[in-house]
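Please look at the sequence and the model below before reading on.

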Amino acid sequence: MSVIYKKIQQIIGPLLFLKNEHNAQYGEIVKIKTSDESIRTGQIVKMNEDMIIVEVFEDTSGLSSENAEIVFTGDIFKVSISKDMFGQTFNSLGSPIDIRSKNILDSDILTDVQRDINGIPINPFAREYPIDIIQTGVSVIDGLFTLIRGQKLPIFSAQGLPHNKLAAQIATQSKVVSEEPFVIIFCGIGIIQDEAIYFLKRFQESGTLQNIISFINFADDPIIERLIIPRVALTTAEYYAFEKDMHVLVILIDMTNYAEALRELSSAKEEIPSRKGYPGYIYSDFASIYERTGKIKGKQGSITQIPILTMPNDDISHPIPDTTGYITEGQLVLSRDLHKKGIYPPFEVLASISRLMKDAIGADKTRGDHADVSSQLLAAYSSYLEVKDLISIVGEDGLNNDQKNLLKFGTDFEQKFINQKSNETRDFNQTLTIAWETLSHLNKKQLIRIHPSFINKYYKTQV
Amino acid sequence: MIRENKTKEGYISAINGSLIKIKGLEKYVRLNDLIKIPNYHILGEIIQIFSDQVIAQCFDPLTNISLNERVVSLNEPLSMELAPGILGNVFDGIQRPLEQLFQSFPTGGLERGFKFPCLSRTKKWHFIPIRKINEEINEGDIIGTVQETTDINHKIMIPPFISGILSYIAPEGDYIITDEIFTVKRYDKEQSFSMLQKWPITKSRPYNRKENPNEPLITGIRAIDLLFPIVKGGTTAIPGGFGTGKSVIQQILAKWCNADIIVYIGCGEPGNEIANIMKQFSETLVSKSHKSLLERVVFIVNTSNMPVSAREASLFSGVTIAEYFRDMGYDVAVLADSTSRWAESLREVSGLLEEMPAEEGYPAYLPSKLSSFYERAGLIRALGKDHLGNERKGSISIVGTISPPAGDFSEPVTATTKRLVQVFWALDPNLAYLKHYPAINWLNSYSNYPQFITDWWFERDIDWPEIDLDWSECRNQVNEILSKEKDLKHLIQLIGEKNLPDDQQLILFSAKMIKNGFLLQNAFDEIEAYTNYKKLLGIIKILLLIYKEGKNLIEQGLMVEDILGQDLINSILRIGQTVPNDAFERIEKIKSKLIQKLRILAL
Ligand SMILES: Nc1ncnc2c1ncn2[C@@H]1O[C@H](COP(=O)(O)OP(=O)(O)OP(=O)(O)O)[C@@H](O)[C@H]1O
Ligand SMILES: [Mg+2]
């Protein structure tokens with residue numbers, strides 16, 4: 001049952017102030033109809049005996065107290081979800097769109113369920129600790145920072161670094177090795193149309209489009225939609241994971257756009273800012289997105305998240321990466337130096353970590369030598385960087401043999417292990433084989449982190 | 001004050017986030033009283049009272065609720081239920097049992113309007129009385145016991161402020177926690193009690209008197225137990241940027257520290273981490289008795305996506321439960337991860353109330369709230385006696401993590417906490433980056449407790465004639481070497497390591513040995529994870545012996561590094577990972593080898 005009102009008293013940014021003459025519900029959705037027949041959606045965010053404050057999901061420009069009609073829907077915001085969404089792109093309200101024209105498409109998809117986009121928080125007791133892996137086909141991730149089903153593992157990128165390429169690569173190559181059903185939900189937040197087209201093209205070319213459900217919020221869409229779209233994507237993910245028993249990998253790009261929208265809205269509401277103008281609740285707000293990952297006891301499916309963000313001014317202590325790092329189970333950091341050297345994907349491996357990896361790799365999961373090898377690679381690479389510093393003091397001739405080995409190792413590690421084509425998939429075995437090739441530049445005695453039995457099995461002397 | 005016992009009703013007049021304004025209750029409620037929205041089973045707590053309305057923060061989301069919705073006062077403050085059945089449980093910030101919730105909602109969601117009692121009303125406990133009818137009893141006296149878990153004997157105590165004549169005590173038998181267990185007669189009034197007590201979370205439970213700490217809380221982490229020790233009854237903060245290892249330290253403490261009971265408060269942290277800890281705990285068996293560690297733990301869990309108002313309560317809920325076990329005479333460790341998230345929940349609610357903020361948006365009462373938490377730590381002599389007239393001591397140690405934005409220790413929560421605690425383990429992102437764990441910065445961290453526990457260590461010293469240093473002398477020497485190394489660092493950058501004089505090279509070598517062979521400790525290695533006091537003394541004495549002999553050798557123009565040889569050095573560096581706690585003789589063997597090498601030279 002809906003009730004119509006015409007009582008807008010004030011419009012400030014995305015907020016409408018209505019006189020309270022209707023027994024509304026907190027969180028209720030209202031429709032705003034204007035004389036030009038367009039309909040916008042908003043939600044009640046605050047109410048008292050005189051006033052109702054509605055946050056409008058779309059643009060508020062063009063609204064006036066004269067031309068708008070408010071319809072109370074008596075319901076909270078729900079998104080329609082269908083089991084047939086594969087291969088298509090949706091906007092923040094869950095309507096199918098065409099990326100090239102930005103038009104909303106006539107939909108012939110049948111709605112199976114409608115769900116509150118805020119979801120229901122998972123009972124911590126109901127969580128199952130994640131220990132199964134996803135293979136991304138990217139050596140650095142699989143070999144050094146393995147992605148676990150149910151993990152949230154962000155990528156910290158920066159302006160001008162190839163995170164789009166990487167996002168597309170992960171979206172098109174990832175799989176669960178166990179042959180269980182697996183789907184990618186790709187969520188573009190505030191991205192430009194060219195980027196959206198690029199992603200679509202990559203998905204089509206790789207032949208995996210039918211395995212991907214996309215949600216796109218364009219850079220020129222109203223900012224408030226940026227806050228909604230990840231929630232719509234995650235609500236969809238929850239449906240597939242926990243009602244359809246699938247493993248879902250959600251890629252969110254770019255969370256920096258999300259956070260900026262959050263800041264803008266907060267300042268429109270005249271809230272007291274905390275750091276760099278971001279609201280004090282940025283942690284809780286980010287958590288309400290990132291925490292929608294995981295596994296639930298007794299259920300087959302899982303939700304994994306790769307949120308991608310660009311660090312403003314390459315600053316990892318900026319509130320956006322900093323807050324993210326506090327919530328997520330590790331981080332993958334991209335490096336401008338390696339990028340300049342032409343290495344793709346340019347991972348800064350020493351700054352990266354996957355916190356859930358240690359319990360999820362090994363003999364019956366990936367390979368017995370995996371843990372030792374990854375720890376050895378990181379240790380050796382760190383020594384390699386020290387040796388490089390040393391050269392500036394003593395010169396290359398002043399190095400001893402071990403140090404010379406490290407130089408060879410480090411170069412190969414960057415060129416062959418980290419470096420990879422953007423459409424090249426390597427499985428765990430290939431990744432570990434390349435790892436051993438680079439490690440074999442080192443003297444056996446230098447491999448202090450690897451168990452001798454693995455050295456005997458995999459080490460081959462370089463010619 | 002006379003108060004009618006009739007339920008009073010009001011109605012909601014405004015909703016904003018987790019806050020509601022209520023009209024009609026303003027004359028009947030006290031600050032911190034609980035309210036309830038009966039139609040939805042939502043609980044809330046009164047946080048402000050005005051002449052025409054009150055403001056309450058609710059512990060569940062308010063979606064769907066309309067103005068004019070009915071609200072009733074429960075006429076009591078937010079309290080913990082204290083009785084057998086607490087241990088091994090997982091509660092949310094206001095003690096709702098999360099396992100029960102999962103059983104009722106197997107889809108795994110945190111559904112609103114949960115109405116189970118906090119502690120089971122059906123489970124029976126075997127009660128054994130130890131006092132007799134007609135005996136005079138006072139507050140805190142133990143009148144009987146329940147064996148709650150293999151190790152924990154739950155003492156049934158006379159609640160605070162109650163005394164008189166024991167006019168009834170139940171015979172040995174099985175009872176649920178609400179059955180009548182004893183009655184107390186004072187003057188002509190008789191009052192009936194069950195095993196269940198309730199205590200408001202914001203009030204500290206009374207005790208007889210506070211004592212000076214005299215025993216370390218052994219953590220098994222070498223860097224801590226030697227350099228920055230904590231004590232039973234002490235307060236500690238662990239500040240550190242993301243991923244520096246705060247939670248890992250808390251987990252080690254929860255698993256291995258020598259407290260009797262652990263209250264683990266997961267406050268605004270991610271849910272997978274809690275799942276991980278619970279899994280580790282149920283799988284880690286205390287070897288001799290084959291019971292899981294869960295038996296000594298109480299979890300209070302309010303993950304980051306749960307309502308912030310319950311997050312605010314969770315620290316006080318945890319410490320209230322801890323006080324109850326302390327009063328029984330146990331050593332309790334309260335581990336709170338993370339106090340920053342707790343402070344942020346204060347800030348969020350304060351923002352909704354539109355209060356005038358102090359620093360960085362935090363309310364001006366942040367320091368007083370924080371101190372009312374840490375103030376509840378301590379070693380105390382409890383109220384009351386047992387049937388033999390014995391008094392008892394119990395302690396609460398608090399260890400709280402801090403998650404400073406950008407790892408900046410000058411921010412309000414870190415700065416305030418620093419004034420309140422005695423121990424500060426500053427975690428260093430540079431050490432974490434180098435995978436040097438635990439990433440405790442040895443120059444910025446401190447502990448004010450060593451003086452209290454010197455005797456304890458002295459009594460347990462190992463007697464090695466070759467190196468005559470006790471625990472506190474070892475500390476001093478390690479600190480000296482590490483701080484000298486720091487000064488040398490600048491010099492190295494200018495002239496290179498090999499151009500330093502021999503004695504300075506020895507400092508560098510010794511510092512490196514201490515860092516890699518003692519301070520570095522992998523929490524995930526089975527042998528390495530926990531180092532007992534004897535092994536700790538063994539390792540550090542060997543390292544300092546090398547330093548001592550190294551000085552002598554310099555006089556002969558020799559470098560100890562060259563003489564020991566890489567193999568011996570490696571075997572010393574690997575004692576931590578290779579020698580189990582109960583194989584001290586192997587450490588002695590390594591020491592003998594070391595002495596031998598040095599003696600051969602002296603000949
Ligand atoms: N003592 C240790 N031994 C080995 N590894 C460690 C140790 N401490 C930390 N680590 C590594 O660092 C990672 C992060 O540690 P932890 O989760 O404790 O960080 P944190 O400080 O709690 O981070 P956050 O603020 O994000 O909660 C761990 O997953 C582990 O890989
Ligand atoms: Mg942590």
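## Domains 2 and 3 of chain B

Between domain 2 of chain B and domain 3 of chain B the count of salt bridges is zero, a salt bridge being a side-chain nitrogen of Lys or Arg within 4 Å of a carboxyl oxygen of Asp or Glu. On the domain 2 side, H5(B) supplies the largest share, three residues, helices (H or I, at least four residues) and strands (E, at least two) being DSSP runs numbered from the N terminus.

The two domains bury about 1500 Å² between them, 60% of it on carbon and sulfur atoms, where buried area is the accessible area (1.4 Å probe) that two parts lose on being put together, summed over both. In domain 2 of chain B, the residues that lose the most area to domain 3 are B:Met328, B:Tyr330 and B:His387, together 30% of what that side buries.

## Basis of the model

This is a predicted model, in which local features need pLDDT of at least 70 and side-chain atom pairs count only at pLDDT 80 or more, while totals for chains, interfaces and linings use all residues. Residues are numbered from 1 along each chain as its sequence is written, chains are lettered from A and ligands numbered from 1 in the order in which they are written, and side-chain values use heavy atoms, with hydrogens and water left out.

## Chain B against chain A

In chain B, 65 residues are in contact (heavy atoms within 4.5 Å) with 56 residues of chain A. About 4900 Å² is buried between the two chains, and carbon and sulfur atoms give 57% of that area; in chain B, B:Phe242, B:Asn272 and B:Asn305 lose the most area to chain A.

There are two salt bridges between the chains, and in a salt bridge the side chains of B:Lys23 and A:Glu49 meet at 2.9 Å, N to O.

## A strand pairing across the chains

Strand E5 (residues 39-48) of chain A and E1(B) pair in the antiparallel sense over three bridges, where two strands pair if DSSP finds at least two bridges between them. Within this pairing, B:Ile15 in E1(B) is the bridge partner of A:Met47.
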